[in-house]
Amino acid sequence: MLILCAVCVFYPLGYYMPVLFSVSRATNHGVDEEQAALLISILGICNTIGRFLFGFVILSPYLSALLVNNICMVITSFSVILTPFCATFPQMAAASAAYGLFSDVILLKYRSVLVEVIS
């Protein structure tokens, strides 16, 4: 329970960092500015898809909201950890897509997770 509360406090502090620095990091690695700006669009589209997808997944009576939250947290963490090793546009696009798809679950669904943990 204490770890979940710490996640709810500290996760929003670093939520925007991959979004904020992805374009400048891509241009520093030699990616064209138009393609670098496309990374933000990829992240945003995948974020929207992830909100709808995981909204339905968490409402399923067969899956635990806590389990879905923890899986999404691990995938989001790996996408951020692997970002420094991405040197080409397709690799950066895959990391942005993974971050966009799985990151919002943690921020938006923590209320469902808290209800499940407390009750």
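User: How many salt bridges does the count come to here?
Analyst: In this predicted model, the count comes to one salt bridge.

User: Which side chains meet in that salt bridge, and what is the N to O distance?
Analyst: The side chains are those of aspartate 104 and arginine 51, which meet at 2.3 Å, N to O. As a general point, side chains of opposite charge can pair when their charged atoms come close.

User: Is aspartate 104 buried or exposed?
Analyst: Aspartate 104 has a relative accessible area of 4%, and because that is under 20% this residue counts as buried.

User: Let's step back, what does the secondary structure of the protein chain come to?
Analyst: The protein chain has six helices and zero strands, so that, in the order set from the N terminus on, its elements read α-α-α-α-α-α.

User: What does the C-alpha trace span along its principal axes, and what share of residues count as buried?
Analyst: The C-alpha trace of the protein chain spans about 50 × 25 × 15 Å along its principal axes, and of the 119 residues in the chain 32% count as buried.

User: What percentage of the contacts with a separation of 6 or more comes from residues 24 or more positions apart?
Analyst: Residues 24 or more positions apart account for 77% of the contacts in the protein chain that have a separation of 6 or more.

User: At what angle do H3 and H4 pack?
Analyst: H3 and H4 pack at an angle of about 145 degrees, and their axes lie 9 Å apart. The contact is made on the H3 side by Phe54, Val57 and Ile58, and on the H4 side by Ala65, Val68 and Cys72.

User: What classes of residue make up that contact of H3 with H4?
Analyst: The contact of H3 with H4 has six nonpolar residues, with no polar and no charged ones.

User: New topic, how much space lies in the largest pocket, and which residues are closest to its centre?
Analyst: The largest pocket holds about 250 Å³ of space, and of the 17 residues that line it the closest to the centre are Pro18, Ser22, Arg25, Thr83 and Ser96.

User: Which elements give two or more residues to the lining?
Analyst: Those elements are helix H2 (17–28), helix H3 (33–58), helix H4 (65–81) and helix H5 (89–108), and the largest share of the lining, six residues, comes from H2. By class, the lining of the largest pocket has twelve nonpolar, four polar and one charged residues.

User: Since H2 came up, is methionine 17 buried or partly exposed?
Analyst: Methionine 17, found in helix H2, counts as partly exposed at 40% relative accessibility.

User: How far apart are methionine 17 and leucine 82?
Analyst: Methionine 17 and leucine 82 are 65 residues apart in sequence, and in space they are 14 Å apart, C-alpha to C-alpha.

Methods. Residues are numbered from 1 along each chain as its sequence is written. This is a predicted model: local features need pLDDT of at least 70, side-chain atom pairs count only at pLDDT 80 or more; totals for chains, interfaces and linings use all residues. Side-chain values use heavy atoms; hydrogens and water are left out. On a 1 Å grid over the protein atoms alone, a cavity is a set of points where a 1.4 Å probe fits but cannot get out, and a pocket is an open set with protein on both sides within 12 Å along at least five of seven lines; lining residues have an atom within 4 Å of a point. Grid points are joined across faces, edges and corners, and a volume is the space filled by probe spheres set on the points. Helices (H or I, at least four residues) and strands (E, at least two) are DSSP runs, numbered from the N terminus. Ala, Val, Leu, Ile, Met, Phe, Trp, Tyr, Cys and Pro count as nonpolar, Asp, Glu, Lys and Arg as charged, and the others, Gly among them, as polar. A salt bridge is a side-chain nitrogen of Lys or Arg within 4 Å of a carboxyl oxygen of Asp or Glu. Buried means under 20% relative accessible area, exposed over 50%, partly exposed in between (1.4 Å probe, protein chains only). Axes are lines fitted to C-alpha atoms, for helices over the stretch in contact, and angles run from 0 to 180 degrees between N-to-C directions. Contact means heavy atoms within 4.5 Å.
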